[in-house]
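Subject: Structure handover

Hello,

Here is the structure we talked about. Please open it and keep it beside this email as you read.

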Amino acid sequence: MANVEIALPLPVLPEGWAGEKDFKAASPLSQSTDRNIEPVGPHFLAYARRTRHKRTFSEDDRIQAQMNVKKVEEEDPDDVDEPETPLLLQSQAKDWKSQDHYAVLGITRLRYRATEDQIKRAHRKKVLKHHPDKKAAVGGSEDDQFFKCIQKATEVLSDPVKRRQFDSVDENAEVEPPSKKQTQKGNFFKLWSKVFEAEGRFSNNQPVPKLGNDKSSKEDVEHFYNFWYNFDSWRTFEYLDEDVPDDNENRDQKRHVERKNQATRRKKKTEDTARLRHLVDDALALDERIKKFRQAESAQKNKKRFEKEAAEKAAKEEAAKKKEEEAKAAAEKEAADKAAKADNKKTKEAAKNAAKKNKRVVRGAAKDANYFHASGDAPAAQVENALNDVDLVITKIDNEELATLTSKLNNEKDASKIKQIFQDEVQRLVGAGKLSAGETKSLA
């Protein structure tokens with residue numbers, strides 16, 4: 001590299017400068033120093049390139065632009081490179097609100113999933129390809145409308161707020177719900193998953209649950225549909241607003257347009273909520289898992305109902321059996337009581353008859369003993385006293401004692417022995433406290 005000498009004289013102080021009168025040099029100036037200066041930077045490199053290849057400025061710019069396009073095409077992957085259709089190339093900058101910004105930048109396959117880096121690379125590719133200077137350099141059209149569309153698309157998609165507004169109304173990102181006929185071919189999960197994935201981009205709550213498959217649990221399926229029936233959408237419709245006048249002269253018109261835009265947003269929001277609800281209803285109606293879960297629940301309910309009915313039937317049968325047994329036992333008891341009563345009656349009758357017989361025997365024994373008179377016929381008073389004493393003894397003893405007394409008197413004909421038997425019985429009764437001494441007159 002050749003050395004270049006540059007003479008730079010020291011600047012001359014202007015006349016009448018403020019420090020001229022009071023200026024005092026602190027020290028003399030030092031000696032000058034020689035330094036080597038090398039030309040660097042992009043402008044020198046461009047100059048050297050033009051000099052070496054003997055190019056003009058326009059020729060060098062055109063060749064460099066072609067080289068940059070080739071370099072970008074080699075470096076950037078195909079995810080940000082889509083060919084433009086003739087209709088797209090005819091887009092006008094004034095119609096930017098109706099244009100598909102993702103299509104302008106060539107990233108329709110990515111759309112709302114495109115990253116900031118992909119948007120930048122797509123913009124760079126499009127600029128290198130459609131810059132007006134490049135077109136002019138190759139003798140192309142000087143129409144810069146599509147280039148302005150590229151700039152506007154980049155402006156919208158690079159701004160998070162503007163991009164969110166555009167994504168909110170991006171109909172090209174929507175997936176048409178499949179028909180009932182399509183889902184009957186066994187493609188329910190494949191087709192509807194795409195629909196809910198596209199709708200899930202509007203959710204404030206992330207992550208959005210997946211549709212799942214035919215092996216998903218009941219809890220997962222219920223969580224999925226509960227999520228969508230309570231969907232919290234960030235979707236807004238400001239992008240479709242009517243432009244508000246910028247001038248301050250007609251404030252009433254400005255307020256009118258703002259109110260109109262707000263009303264339109266609310267209406268579109270309501271319509272979108274109803275649309276989404278209808279979409280979820282359709283998916284729910286076609287979801288075979290719901291039918292399977294309902295059948296299982298119905299079978300479980302029927303099983304419980306059958307078990308309950310069987311238990312109630314068994315309880316009724318048990319109660320009827322118990323009632324029948326109780327009735328049978330009551331009948332048997334009644335019959336037994338009746339028989340016992342009859343037997344008791346017979347026994348009582350027999351006992352009563354036996355007692356009557358025994359009383360006759362006892363009274364007859366008194367007669368056989370001559371009414372306890374020593375000899376001869378007993379006087380009437382003696383007979384009355386003897387009979388009274390015998391009846392008194394009979395009243396003081398029970399049937400068993402009467403039977404015992406009768407057994408002692410049976411077949412006894414000796415008057416003295418009969419009297420002695422009666423006297424012994426009186427003594428026993430006196431000892432038992434049933435009679436008092438001297439209470440019997442004929443048996444003293």
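How far apart should the ends of helix α1 (residues 42–53) be, at 1.5 Å a residue? The expected span is 1.5 Å times one less than the number of residues. For the twelve residues of α1 that gives 16 Å, and the end C-alpha atoms are 16 Å apart, so the two agree. Helices here are DSSP runs of H or I with at least four residues, numbered from the N terminus.

Two notes on the source. This is a predicted model, so local features need pLDDT of at least 70 and side-chain atom pairs pLDDT 80 or more, while totals for chains, interfaces and linings use all residues. Residues are numbered from 1 along each chain as its sequence is written, and side-chain values use heavy atoms, without hydrogens or water.

Now the helix pairs. Axes are lines fitted to C-alpha atoms, over the stretch in contact, and angles run from 0 to 180 degrees between N-to-C directions.

Start with α10 (residues 218–229) and α11 (residues 251–286). Their axes come within 10 Å and cross at roughly 160°. The two are therefore roughly antiparallel (an angle over 145 degrees). The crossing is left-handed (the near helix is turned anticlockwise from the far one by less than a right angle; clockwise is right-handed). Contact means heavy atoms within 4.5 Å. From α10, Tyr225, Trp228 and Tyr229 take part; α11 brings Leu276, Arg277, Val280, Asp281, Ala283 and Leu284.

Helix α9 (residues 180–199) also packs on α11, at about 140° with the axes 10 Å apart. This crossing is left-handed too. Among the α9 residues that meet α11 are Phe188, Trp192 and Phe196; on the α11 side, they include Leu276, Leu279 and Val280.

Next, α14 (residues 399–409) and α15 (residues 415–431). These axes come within 10 Å and cross at roughly 155°. That pair is therefore roughly antiparallel, but α14 passes α15 in a right-handed crossing. Glu401, Leu405, Lys408 and Leu409 of α14 meet Ile418, Ile421, Phe422, Glu425 and Arg428 of α15.

Last, the salt bridges (a side-chain nitrogen of Lys or Arg within 4 Å of a carboxyl oxygen of Asp or Glu). The whole structure has 30 of them. One joins Lys126 to Glu84, with the closest N and O atoms 2.5 Å apart. Lys126 sits in α5 (residues 116–130), and Glu84 in the loop between α2 (57–75) and α3 (86–89), 42 residues apart.

Best wishes

Terms used:
Parallel < 35°, antiparallel > 145°, perpendicular 65-115°, else oblique.
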